[in-house]
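Please open the model in a viewer and keep the selection panel at hand.

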Amino acid sequence: MGVDVAVSNLTKRFGKQLIWADVSLTLPAGEISVMLGPSGTGKSVFLKALIGLIKPDEGSILIEGTDIASCSEKELYEVRKLFGVLFQDGAMFGSMNLYDNVAFPLREHTRKSESEIRDIVMEKMDLVGLLGAEFKLPGEISGGMRKRAGLARALVLDPEILLIDEPDSGLDPVRTSFINQLFVDLNAQIDATFLIVTHDVHSVRIVPDQIGLLYHKHLAMYGPREMLLSSDEPVVRQFLNAQTVGPIGMSEEKDADQLAAEQGIDLPPLPPIPLQLEPSNGIPRRSQRPPGEWCRLNGITPPPGSFTKEAEHASGASQQAH
Ligand SMILES: Nc1ncnc2c1ncn2[C@@H]1O[C@H](COP(=O)(O)OP(=O)(O)OP(=O)(O)O)[C@@H](O)[C@H]1O
Ligand SMILES: [Mg+2]
């Protein structure tokens with residue numbers, strides 16, 4: 001079914017280095033959220049905080065009444081069973097073949113027989129398109145295949161909450177489209193709460209229900225997809241449209257000279273908001289809203305051409321693979 005993850009006033013430092021402060025958001029049950037942000041803004045640290053691998057300095061993370069930020073190890077062990085996680089580096093055991101890697105959580109956390117485990121492992125390997133590669137070692141396959149194996153492993157315990165760190169880094173555009181479709185289909189099927197960290201602006205525009213942006217040590221914005229895609233807030237606008245004009249520079253913040261030089265340069269118009277990616281069986285997901293609903297309810301005029309097939313092409317969705 002998926003459960004809410006309620007984050008309040010979360011702050012994390014490593015020694016003197018502040019990573020982010022006062023982050024508050026709720027990942028709505030069963031919805032797909034995407035977290036964006038320049039490299040090094042603490043997206044992976046945020047994801048690790050959500051499963052209690054990194055302790056925040058302040059704030060709370062409530063999941064079904066348990067505060068991950070302050071609960072005991074025993075409570076944490078129980079709550080962790082709700083999660084499936086794909087870490088940024090895949091985090092596969094190098095000496096185990098893919099089959100044993102994917103079977104690992106089942107052997108560790110359940111009393112299932114080896115034949116039951118086999119059925120589950122093969123089902124998930126099939127789901128991520130890895131049938132036939134079960135006996136390969138992680139070092140013998142491509143980065144994209146490792147990501148998909150990590151995803152199969154994240155799915156074996158039927159998670160209520162799925163955390164996925166950069167599933168598309170190192171993937172070619174066609175495979176990225178396949179993996180986007182896989183997430184949407186999976187969400188429709190298992191109804192779990194998804195948090196996906198990604199840099200891929202195209203994926204962000206078509207996949208999620210909610211979008212968050214971490215920037216300059218705080219959560220710049222978090223909300224419905226249409227809210228961010230129609231936003232005039234400079235950082236949000238620059239990031240979501242992959243533009244060079246705006247407050248974000250190569251080393252996160254531009255210096256004053258550079259910003260002054262940009263004074264008077266008009267930002268390019270907002271591109272149309274594309275239609276959201278639908279499950280491949282055509283049946284809408286439970287958390288999917290009708291196109292344009294958020295804009296209508298909030299009196300926002302979306303950029304011209306939004307919510308049309310053409311808008312999909314404008315943002316590159318024509319690469320979508322079926
Ligand atoms: N265990 C740790 N101890 C100390 N510092 C850490 C630790 N983990 C992360 N950091 C620091 O926290 C900051 C944020 O790192 P993080 O990996 O979360 O960035 P990110 O947003 O995921 O970046 P990318 O997009 O490149 O993956 C970095 O400066 C990093 O060096
Ligand atoms: Mg990261």
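Predicted model: local features only at pLDDT ≥ 70, side-chain atom pairs only at ≥ 80, totals over all residues.

Begin by selecting β1 and β4, which pair in the antiparallel sense over 4 bridges.

Residues are numbered from 1 along each chain as its sequence is written, while chains are lettered from A and ligands numbered from 1 in the order in which they are written.

Strand β1 (residues 5-14) is joined to β2 by 7 bridges in the antiparallel sense, and lysine 12 has tryptophan 20 in β2 as its bridge partner.

Isoleucine 63 is opposite threonine 66 in β5. The two strands form a hairpin with 2 residues between them, and glutamate 64 in the turn has a positive phi of about 45°.

**The ligand shell**

Which residues surround ligand 1? Select Phe14, Ile19, Gly37, Ser39, Gly40, Thr41, Gly42, Lys43, Ser44, Val45 and Gln88; a residue is counted as near a molecule if its C-beta atom, placed from the backbone, lies within 6 Å of it. Helix α1 gives the most to this shell, with 3 residues. By class, the shell holds 3 nonpolar, 7 polar and 1 charged. In that scheme Ala, Val, Leu, Ile, Met, Phe, Trp, Tyr, Cys and Pro count as nonpolar, Asp, Glu, Lys and Arg as charged, and the others, Gly among them, as polar.

**The six-stranded sheet**

Next, select the open sheet of 6 strands, ordered β6-β7-β8-β3-β9-β10, with mixed pairing. Strands β6 and β10 lie at the edges, each pairing on one side only. Neighbouring strands of this sheet are turned by 15° against each other on average, direction ignored. Zoom in on strand β3 (residues 32-36) and strand β8 (residues 193-197), which run parallel and are joined by 4 bridges. Here isoleucine 32 stands opposite phenylalanine 194 in β8.

**A covered helix**

Move to helix α5 (residues 143-155), whose 13 residues reach 19 Å from the first C-alpha to the last. This is close to the 18 Å expected at 1.5 Å a residue, the expected span being 1.5 Å times one less than the number of residues. Is α5 mostly covered or mostly uncovered? It is mostly covered, as 11 of its 13 residues are buried. A residue is buried if 20 or more other C-beta atoms lie within 10 Å of its own, exposed if 12 or fewer, and partly exposed in between, with C-beta atoms placed from the backbone. Among the buried residues are Met145, Arg146, Leu151 and Leu155. What covers them includes β6 (83-86), α3 (98-109), α4 (114-127) and β7 (161-165).

**Individual residues**

Select histidine 216, in the loop between β9 (210-215) and β10 (218-224). Its phi is near 55°, a positive value in a residue other than glycine. Histidine 216 is partly exposed because 14 other C-beta atoms lie within 10 Å.

Phenylalanine 307, in the loop between α11 (293-297) and α12 (309-314), has a positive phi near 60°. With 19 C-beta neighbours inside 10 Å, phenylalanine 307 counts as partly exposed.

Finally, select phenylalanine 239 in helix α9 (residues 234-240). Phenylalanine 239 counts as buried because it has 25 C-beta neighbours inside 10 Å. Its C-alpha atom is separated by 9.8 Å from that of tyrosine 215, 24 residues apart along the chain.

Technical notes
Pairing = 2+ DSSP bridges. Contact = placed C-beta atoms within 7 Å. Axes fitted to C-alpha atoms, helices over the stretch in contact; angles between N-to-C directions.
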